[in-house]
Amino acid sequence: MRLQFKTDKRVPNPILIESGALERVGEVCLSLGISEEALIVSDPTVIKVTEDKLYESLQESKIKYSTKLIQKATKMAVEQVKEEIRKLKNKVILGVGGGGVIDVSKLSASQENIPFISIPTAASHDGIASPRAKINNLAPFSIEASSPAAIIADINVVSKAPYRLTASGCGDLISKLTSIKDWELAHLRTNEKFDEEAANLSRESGQSLIENAKLVKKRIKEGYQIVVEALIKSGISMTLAGSSRPSSGAEHMFSHKLDQIAPNSAYHGEQCGIGTIIMMFLHGGDWKKIVDTLKIVGAPTTAKEIHVDNEVIVKAICEAKEIRNDRYTILDEIKIVRKLAEEIATITGII
Ligand SMILES: [Zn+2]
C-alpha cells in the first residue's frame, strides 16, 4: 500500500509499505529523478538477506551502486559514510537496515546535502520516517536531520526480523500517548506552539497499537503492516511539527536517562514503553491500559525484563528531567523525590 499525505514537500513520497517492496527500489529512485550512483548503507547481517532483490532492482533500472557496511550508530560511522559520499560522488543514500543504519544514513545524507531513502528492515522505532537522528556519543537525544525523500518498507523483510524489534517498536508507538499529553500541557502552561495535524497523527499512531495489539501479537503480515504504518505516521508528525515534540515527551527523557545510567540494557522502544507507564501514571491517565497493551504485544513492563536493577529505574525517574530543560513536560508539574519515584515504580509493577 501507499501512504499519502497532503501535498507537503517535507513529507517523504512515495511511502511504500508492502510485501516485495524491495523489488521496487530502482523504480522509486527513478521516480525521484535519481538515475546516478547510489550509496547503499547497511550492516553485515541485513545486507545478506536483502542484497539479491536490492541489487537486482537497481540493475534493472540501470542505477550504479556501491555498498558501505557499518556496525553501530556512532559519530565515526557518520564520518565514514560522508567520506564515501565525497569520494564516490554518490547522489543518493539508500539506508537499508534497522534504527542505527537509518540514523547514520539520514544524518550523513543531510550533512552532505543529498537525498536519503529509508528502507527499514525492522519495525523497531519511528526514526524510519522522522527528520531526526540519534547518534551515540553525539547527543543524549535525537538531533535534527532531513526527512527521508521516500520510504520503502518491505513487509516480507520486516516480518522476518527478530520479533523483539517489533515489540520494541510497539513501545515507541505507545509512548505517543504521553508525548501528546506533555505537548498539550506545554501549550496550556507556556503557550508553546501546538500543531493539531501533527498531534492527531502522532496520537492516532499510539491509538492504533492499543486497538490492534492482539493482531500484532499474532506475528502475521497484517500486524507488521499496522506497526510499520503507525511508526511512519509518528515520524511524519515530527516533520509536520518541525521538531520531535509530537512524538517525544517525558517518557523519552526517561529512556535517554536510562541510556546514560545503564547503557545498552534494552532497546529504545522497550525503555520508552516503560517510561510511558510511569508518565501516564503521573498524568493521572489510564496507565493500566498501557501495561496491558505492552504485555499483549510481548514488550517489557518491568525492570527485570529490561535487565536493570530497581535502583536504576528509581534513579532514572528522579533524573529524567535533567535530559532537557527546554521541553516542558509533566515532570515540570510534579516534584519527583526519591520516595515518590519508588512509589510510582512499585504501584505500576515496574519494580
Ligand atoms: Zn522514540
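Ser 42 stands opposite Leu 69 in β3. This is a predicted model, in which local features need pLDDT of at least 70, side-chain atom pairs count only at pLDDT 80 or more, and totals for chains, interfaces and linings use all residues. Residues are numbered from 1 along each chain as its sequence is written. Helices (H or I, at least four residues) and strands (E, at least two) are DSSP runs, numbered from the N terminus.

**Strands β2 and β3**

- Strands β2 (residues 38–42) and β3 (residues 65–69) run parallel and are joined by five bridges; two strands pair if DSSP finds at least two bridges between them.
- Together with helix α2 (residues 44–60), β2 and β3 make a right-handed β-α-β unit. Right-handed means that, with the strands pointing away from the viewer, the path from the first strand over the helix to the second runs clockwise.

**Domains**

- The domain assignment of the protein chain gives domain 1 (15–158) and domain 2 (163–347); such bounds come from an automatic or database domain assignment.
- The centres of domain 1 and domain 2, taken over C-alpha atoms, are separated by 26 Å.
- In domain 1, 24 residues are in contact with 28 residues of domain 2, where contact means C-beta atoms, placed from the backbone, within 7 Å.
- On the side of domain 1 that touches domain 2, β1 (15–18), β8 (150–154) and α5 (155–158) each supply at least two residues.

**Nonpolar core**

- The largest nonpolar core has 108 residues, of which Ile 152, Val 227 and Ile 317 touch the most other members. Such a core is a set of buried Ala, Val, Leu, Ile, Met, Phe, Trp, Tyr and Cys residues joined through C-beta atoms within 7 Å.
- Helix α9 gives the largest share of this core, eleven residues.
- Domain 1 and domain 2 each contribute at least three residues to this core.
- Not counting residues up to four places away in sequence, Ile 152 touches residues including Leu 16, Val 28 and Ile 119.

- Buried residues of α7 include Leu 177, Ile 180 and Trp 183; a residue is buried if 20 or more other C-beta atoms, placed from the backbone, lie within 10 Å of its own.
- Among the elements covering the buried residues of α7 are α6 (163–174) and α9 (221–241).
- Just after α7, Asn 191 takes a positive phi of about 65°.
- Tyr 267 is found in the loop between α10 and α11, and Tyr 267 is buried because 24 other C-beta atoms lie within 10 Å.

Technical notes: Buried ≥ 20, exposed ≤ 12 C-beta atoms within 10 Å, placed from the backbone. Contact = placed C-beta atoms within 7 Å.
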